[in-house]
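Please look over the sequence and the structure shown here before reading on. The report that follows goes through a selection of residues and their surroundings, one topic at a time.

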Amino acid sequence: TSFIKEWWEKGDSVTLITRPRRFGKTLNMSMVEEFFSVNYAGRGDLFEGLSIWEEEKYQKLQGTYPVISLSFAGIKETDYVLTRKKICQIFTDLYVKHSYLRESEVLTDTDRRFFDRIMTENFDDSDATLTLHKLSDYLARHHGKKVIILLDEYDTPMQEAYVHGFWEELASFTRSFFNATFKTNPYMARGIMTGIT
């Protein structure tokens, strides 16, 4: 759990961790999610007796952030159409997980229309690349606090794209998605990405 303290105190907006498989990256991402996520508010028992729990300021930090957590580890398709479809399914699943936001009074009718497009899988590349940016906005407004974004194995579909010859298409999509999610996202407090290469 000392990783949480080290990462938090560095203050970087986005951290990329690259290690081969079986190095504990996903375990660390799960730990970070359970430490920070409002979904685990009041669950200090998960960290009692561990090094992160020795300082009161971290005890107060536990369970206080909206967190978006997703993984591209299972996206190992051999063409762009199937890869995009799987990525979009992950986005839809995230919106389903946070479906309570649709009824939040902080959302406008325009927000709800976007939400519905993502929930019903009826969206184009423009919507797809904005999904996490928009979800960050909705979560930040609803909870009154910027979001932590955790993306595990961001590069698994990129490896497949390189091997199977659809690199240019996926790189273009990913560039737009990363730009909106991690680079120009005013609703993100911090982010972590892991990669296997």
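Tyrosine 80 is placed in helix α4, which covers residues 80–97; helices here are DSSP runs of H or I with at least four residues, strands are runs of E with at least two, and both are numbered from the N terminus. With a relative accessibility of 13%, tyrosine 80 counts as buried, where buried means under 20% relative accessible area, exposed means over 50%, and partly exposed lies in between, for a 1.4 Å probe and protein chains only. Although tyrosine 80 and phenylalanine 166 are separated by 86 residues in sequence, their C-alpha atoms are 6.0 Å apart in space.

This is a predicted model, in which local features need pLDDT of at least 70 and side-chain atom pairs count only at pLDDT 80 or more, whereas totals for chains, interfaces and linings use all residues. Residues are numbered from 1 along each chain as its sequence is written, and side-chain values use heavy atoms, with hydrogens and water left out.

## Salt bridges

Side chains of opposite charge can pair when their charged atoms come close. Across the whole structure, a search finds 13 salt bridges, each being a side-chain nitrogen of Lys or Arg within 4 Å of a carboxyl oxygen of Asp or Glu. One of them joins lysine 5 to glutamate 55, with 2.4 Å between the closest N and O atoms. Lysine 5 belongs to helix α1 (residues 2–10) and glutamate 55 to the loop between α2 (25–36) and α3 (56–61), so this pair ties together parts that are 50 residues apart in sequence. Lysine 5 is partly exposed, at a relative accessible area of 30%, and glutamate 55 also counts as partly exposed, at 27%.

Another salt bridge is formed by the side chains of aspartate 111 and arginine 141, at 2.9 Å from N to O. This pair links distant parts of the chain, since aspartate 111 is in helix α5 (residues 109–119) and arginine 141 is in helix α6, 30 residues apart. Aspartate 111 is buried at 8% relative accessibility, while arginine 141 is partly exposed, with a relative accessible area of 31%.

Aspartate 137 is found in helix α6, which spans residues 125–143, and at 11% relative accessibility it counts as buried. Its side chain is joined to that of arginine 141 by a polar contact of 2.8 Å. A polar contact is a pair of N or O atoms within 3.5 Å; within protein, one atom must be able to donate a hydrogen and the other to accept it, and residues adjacent in sequence count only if both atoms are side-chain atoms.

## Aromatic rings

The structure holds 17 aromatic pairs, in which rings of Phe, Tyr and Trp (its six-membered ring) have centres within 6.5 Å, with planes under 30 degrees apart called stacked, over 60 edge-to-face and the rest tilted. Among them is the edge-to-face pair of phenylalanine 178 and phenylalanine 182, with 5.9 Å from centre to centre and 75° between the planes. Both residues lie in helix α8 (residues 167–183), four residues apart, or about one turn of the helix, and both phenylalanine 178 and phenylalanine 182 are buried.

Ring pairs also link Trp7, Trp8, Phe35, Phe36, Phe47, Trp53 and Tyr65 into a cluster. The charged end of arginine 190 sits over the ring of tryptophan 7, at 5.8 Å from its centre, and also over the ring of tryptophan 8, at 4.0 Å from its centre. A charge sits over a ring if NZ of Lys or CZ of Arg is within 6 Å of the ring centre and within 35 degrees of the ring normal.

## A positive phi angle

Glutamate 153 is located in the loop between β3 (147–152) and α7. Its phi is near 50°, a positive value in a residue other than glycine, and at 8% relative accessibility glutamate 153 counts as buried.
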